[in-house]
Amino acid sequence: MNARLQEIADELSAVPRDMQVELLLEHARQFPPLPQRYQAARDAGLGRVHECQAEVYFFPEVEDGRVHIHADIPGHAPTQRALVGILMDAYNGATPDEVSAIPADLLTRLGVAPLLGPQRQRGFAGVLARLKYGVAAASE
């Protein structure tokens, strides 16, 4: 985990479970809108993370060796918005190598796995896979 992600994990582990939920919801509320340049692709169904029950669209890019993560997730899916928001917070501006090193057990390391059911965990695994694949493809 990079330093920012470790900082987020430390924040989450320092509070009781009910406060963890509130911290996650704060990340969901701060979720940025999808840039205009990706809206047509989203509307055409491109970038969809099919492992998620909610409509999660993911558009990672690499410019000048730095990762930029763009996503669109409806407001009625606050858990996925929060988790993707954490990835965006921690990895926007990172290198592709830093993204490829995101641990597969990230939810456990963040301490939030017990808060999530199996479907949300599978959905987030799909998000991580899409992020890593998209960054690797954009780096070529």
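## Report on a predicted model

H70 lies in strand β2. Strands here are DSSP runs of E with at least two residues, helices are runs of H or I with at least four, and both are numbered from the N terminus. The model is predicted, and local features are reported only at pLDDT of at least 70, side-chain atom pairs only at pLDDT 80 or more, while totals for chains, interfaces and linings use all residues. Residues are numbered from 1 along each chain as its sequence is written, and side-chain values use heavy atoms, with hydrogens and water left out.

With a relative accessible area of 15%, H70 is buried. Buried means under 20% relative accessible area, exposed means over 50%, and partly exposed is in between, using a 1.4 Å probe and protein chains only. E61 lies in strand β1, and at 15% relative accessibility E61 counts as buried too.

The side chains of H70, E61 and R37 are linked by polar contacts, listed in the table. A polar contact is a pair of N or O atoms within 3.5 Å; within protein, one must be able to donate a hydrogen and the other to accept it, and residues adjacent in sequence count only if both atoms are side-chain atoms.

| Side chain | Side chain | Polar contact |
|---|---|---|
| H70 | R37 | 3.2 Å |
| H70 | E61 | 3.1 Å |
| E61 | R37 | 2.9 Å |
| R29 | E26 | 3.0 Å |

Contact in general means heavy atoms within 4.5 Å. Leaving out residues up to four places away in sequence, H70 touches several residues, including L34, P35, Y38, F59 and M88. With the same exclusion, the residues that E61 touches include Y38, R66, V67, H68 and A138.

**The loop between β1 and β2**

D64 is placed in the loop between β1 and β2. Its relative accessible area is 75%, so D64 is exposed. D64 is not a glycine, yet it has a positive phi of about 55 degrees.

**Helices α1 and α2**

Two packed helices are described by the angle between their axes and the distance between the axes. For helix α1 (residues 3–13) and helix α2 (residues 17–29), the axes come within 9 Å and cross at roughly 140 degrees. Axes are lines fitted to C-alpha atoms, for helices over the stretch in contact, and angles run from 0 to 180 degrees between N-to-C directions. The two helices α1 and α2 are therefore oblique to each other. Angles under 35 degrees count as roughly parallel, over 145 as roughly antiparallel, 65 to 115 as roughly perpendicular, and the rest as oblique.

In this contact, I8, E11, L12 and S13 of α1 meet Q20, L23 and H27 of α2. One of these, S13, is exposed, with a relative accessible area of 55%. S13 and V112 are 99 residues apart in sequence, and their C-alpha atoms are 8.7 Å apart in space.

R29 also lies in helix α2. R29 and Q39 are 10 residues apart in sequence but 20 Å apart in space, C-alpha to C-alpha.

**Helix α7**

Helix α7 (residues 118–139) has 22 residues, which at 1.5 Å a residue should span 32 Å; its end C-alpha atoms are 32 Å apart, which agrees. The expected span is 1.5 Å times one less than the number of residues.

Which residues of α7 are buried? They are G123, F124, G126, V127, L128, L131, G134 and V135. The elements covering these buried residues include β1 (57–63), β2 (66–72), α4 (78–91), α5 (96–100) and α6 (106–110).
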